[in-house]
There are 2 protein chains.
Amino acid sequence: MFNKSLEFFHYVKPEDALERILTSSNIYPGIEVVDSLESLGRILAEDVISPFSIPREDVAHFDGYAVRSSDTISASTTNPVRLKVVGRVEAIVEHDLSIGDGETVYVVTGTKIPKNADAVIPLERVRMNGEYIEIIKPCKKGDNVTFKGSDILENEVILRRGHVIRPQDIRYLLEIRKFKVKVYAKPRVSLIAVGDELTENLDEIGRKKLETSTKLVASYVKEFGGMPKIIGVVPDNPERILETVKNSLDYSDISVTIGGISLGVRDLCWRTLSRCLESIPIARGLRIQPGRATSILVFSKKPVIMLPGHIQSTLCGTIYTLIPLIYYMSGLSPKKILPTIHAKMDETLIVKEYRSFKRIRFVKLDRDGDTFTANPILGDSSMLTPILKSDGFIEIPEGVERIERGSCVDVQILSWPQLLQIFLRDHVHQSNDITY
Amino acid sequence: MFNKSLEFFHYVKPEDALERILTSSNIYPGIEVVDSLESLGRILAEDVISPFSIPREDVAHFDGYAVRSSDTISASTTNPVRLKVVGRVEAIVEHDLSIGDGETVYVVTGTKIPKNADAVIPLERVRMNGEYIEIIKPCKKGDNVTFKGSDILENEVILRRGHVIRPQDIRYLLEIRKFKVKVYAKPRVSLIAVGDELTENLDEIGRKKLETSTKLVASYVKEFGGMPKIIGVVPDNPERILETVKNSLDYSDISVTIGGISLGVRDLCWRTLSRCLESIPIARGLRIQPGRATSILVFSKKPVIMLPGHIQSTLCGTIYTLIPLIYYMSGLSPKKILPTIHAKMDETLIVKEYRSFKRIRFVKLDRDGDTFTANPILGDSSMLTPILKSDGFIEIPEGVERIERGSCVDVQILSWPQLLQIFLRDHVHQSNDITY
């Protein structure tokens, strides 16, 4: 190799790069308070403690008659037990009713059962007879009663800091009347495309290429909890690159450039930014492939991630740098952790190049009875096909050269639409069926 | 059982109920055109055909020198091959360059390689020497060249009707300059909570219960591609119920009531709506448990789903009726299909009741090395705990009474936050670590 210089790549492990970013920058998880109703997908920044027991008292599970189970022991079809109806609670109201021997009170679902009652017999299981009900089957203590605190106890911690808020969690927050909740602030990520050949302007797409990479990265930033801001295209001009990155850091936590990061004359991102006094170089290249040109520095104490422009490289750089950083700023560990689907390799995959790197290969999943098989979709890093025709990716660890047919792999999934697509694609309705 | 009447339950299989809905109503998938940039998660209503090959011509994969590979055969460190630089293509522009014997042209990534060239040698692998470059290693035909159409061919169908649009698909749509795309219209789902005891008004929550179920159902409607509209609370009053459902159908495809569906005196939803001339009863109860009170009719040719009010019943009713209907209106089959995670039962689960029903049990997933184990979280259908502390649910088929410890189960997943939570929960950053 010739032309070796300070600009030349010396690849760093992504984990090491992340650690260096965190020791050299001053980013940290921010906290904000949001409406619980708007908190879906956010990450809790507090433990949530139940302020009262649920239910708050012993309540009826069905509309019916609250009884003492001991009164019903002898009940049978031929010899029904008769109980006197001494009260009716027709709505969820406070009441002070109690029952004595041979008595019952009508209650509706969710209301407190009267004192001395320990079971509820559903409405449809009793026969009315004037002021009395008749019961033909014994019931047991606790039948159709939900006892105080049996769901959730006062002071119980159900949701902890670091929890990803799901639909059911919002239901719980409302239930305990916690209408505001502390969550980690969404990391603000600025996205800048770099290149003379790029445009955002549809009138120019005869002469130039439409810039689309920032849109792809923005989708993933969102999917993993960040707040993307697409700044747009800057030309291959050192002043413009510097100015744009600098400005973007005023209103964002992380700045991302895409393109202009290799060794050509027009690859100015690293060259320009790494020479600034405000910058601390972190990694000139990462030990991932595709994506090895991904370069990182800390500029004015904030991370600047420089992604390569080839589509697969852009994506891999995003996965190994942006997702962990977004996690970190969301109160989680700065690790590349993704949901996975277990699968078996459908063919042997041989990957000899970049042995000391993590190699990423996109795979398609196919059903094989109960399990999935994974089939690599190959193509150079500029190609869309591997990410379009695949369902996720596998990681080939450092030093490994082959993954044998039949061996188990974890296929990593990058979005909910991706996951739905895997499960729904065999269930497209045929047009001629839509004639109900 | 006493009090049997026309109102009494006669449970129907959810699949049968869905078929009846489709034959009795006139809902059908609608189509709309949206900006490709806004199409994430939408379902394609057309096949997308590539209007040109990608790349459109043979292009350089890196910045470097386009060569005839045959010229480089003899290259070695001791005996470098010298090629004359006869042109430079510094940007992605149209050009008509060609090379002859012993010639080369500088090209940047993404530009067409000159006529007669069949390989590109990256910039950093050559040594400049005046007007010449020196090469120390032979290259092969195709090295660092992406040939025309090698990614995607003209007229190739990459995305088909019924495809769930993922981030990478949007990137492709923009790449082929398809800025608008036909997708299925989001089904509009009205959500109405029924019950005197409920309120949406925070001032009333001393006397009444805050209504929260519509919010939960709305989240899932959204997650699976519908457009929820929360109408609010109506009291247990037949006129109000009828009026609200009727009005809601003016601007929605499906109307959903929650609560007031059992057999008590205040359970007026079925009683009221099933008696109307405009209504066709579909199912008075479903063979699912929890959720068996779920009742369905078609009203003025549109489905009305009446969900029970107990939280787990509401959720199960949603899963087995609303999700399939939303799918159907999105061009997919009206089936309850959810993403699943494979797991092993950690204990034997015995479910004797409702043998002829599908029984739903919520389970928590734990890691056991490479696999997950599933642990049932039990509790009556009014309890939040099973859905709060679980990660998904399993289905116990009709007729099955036991699922043995160690047997494989598919755990069904209802949301992206749920999935992330499963994988991220062991990676919460400890406070004292956040001191980089």
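Pro303(A) lies in strand β21 of chain A, which covers residues 302-307. In this predicted model, Pro303(A) counts as buried because 27 C-beta neighbours fall inside 10 Å, and a residue is called buried at 20 or more. Leaving aside residues up to four places away in sequence, Pro303(A) touches Ile21(A), Ser25(A), Ile27(A), Ile254(A), Ile296(A), Val298(A) and Leu325(A). Another proline, Pro281(A), is 22 residues away in sequence, with a C-alpha to C-alpha distance of 9.9 Å from Pro303(A).

**Confidence**

The model has an ipTM of 0.92 and a pTM of 0.93. In chain A the average pLDDT is 93, and 97% of the residues score at least 70. Residues 432-436 of chain A stay under 50 in pLDDT. For that stretch of chain A the model has 5 contacts beyond four places in sequence. Where pLDDT is low, the predicted coordinates should not be read in detail.

**Domains of chain A**

The domain assignment divides chain A into domain 1 (14-30 + 186-329), domain 2 (32-54 + 154-184), domain 3 (59-146) and domain 4 (340-427). Domains 1 and 2 are each given as two segments of the chain. Between the C-alpha centres of domain 1 and domain 3 of chain A the distance is 68 Å.

**How the two chains meet**

The contact between the chains involves 87 residues of chain B and 87 residues of chain A. On chain B, the elements that each supply at least two residues to the side touching chain A are α1 (14-24), β8 (126-129), α2 (167-175), β15 (209-210), α3 (213-223), α7 (385-388) and α8 (416-424). By residue class, that side of chain B consists of 45 nonpolar, 24 polar and 18 charged residues.

Chain B can be superposed on chain A by a rotation of 180° with 0.0 Å of shift along the axis, giving an RMSD of 0.1 Å. The two copies are therefore related as by a two-fold rotation axis. The C-alpha of chain B nearest that axis belongs to Trp416(B), at 2.8 Å. Of the interface residues of chain B, 100% are also interface residues in chain A, so the copies meet through the same surface.

**Core and buried positions**

In soluble globular proteins, nonpolar side chains tend to be buried together. The largest nonpolar core here holds 200 residues. The members that touch the most other members are Val256(A), Ala374(A), Val411(A), Val256(B), Ala374(B) and Val411(B). The contacts of Ala374(B), not counting residues up to four places away in sequence, are Ala343(B), Lys344(B), Met345(B), Asp346(B), Val363(B), Leu365(B), Ile394(B), Val409(B) and Val411(B). Among these contacts, Val411(B) is itself one of the members with the most core contacts.

Beyond four places in sequence, Ser248(B) touches Ser190(B), Ile192(B), Ile231(B) and Ser255(B). Of these, Ile192(B) is 56 residues from Ser248(B) along the chain, and their C-alpha atoms are separated by 8.9 Å.

**Backbone exceptions**

Most residues other than glycine have a negative phi, and most peptide bonds are trans.

| Site | Feature | Value | Loop |
|---|---|---|---|
| Gln289(A) to Pro290(A) | cis peptide bond | omega near 0° | Pro290(A): between β19 (288-289) and β20 (295-299) of chain A |
| Ile54(B) to Pro55(B) | cis peptide bond | omega about -10° | Pro55(B): between β2 (48-49) and β3 (59-60) of chain B |
| Arg177(B) | positive phi | about 60° | between α2 and β12 (180-184) of chain B |

Arg177(B) is exposed, because 12 other C-beta atoms lie within 10 Å, and the exposed class takes 12 or fewer. Ser300(B) has 17 C-beta neighbours inside 10 Å and so counts as partly exposed.

Note on methods:
Residues numbered from 1 in each chain as written. Chains lettered and ligands numbered in written order. Predicted model: local features only at pLDDT ≥ 70, side-chain atom pairs only at ≥ 80, totals over all residues. Contact = placed C-beta atoms within 7 Å. Helix = DSSP H or I, 4+ residues; strand = E, 2+ residues; numbered from the N terminus. Nonpolar A, V, L, I, M, F, W, Y, C, P; charged D, E, K, R; others polar. Least-squares fit on C-alpha atoms with pLDDT ≥ 70 in both. pLDDT = per-residue confidence, 0-100. Core = buried A, V, L, I, M, F, W, Y, C linked by C-beta atoms within 7 Å. Domains from an automatic or database assignment.
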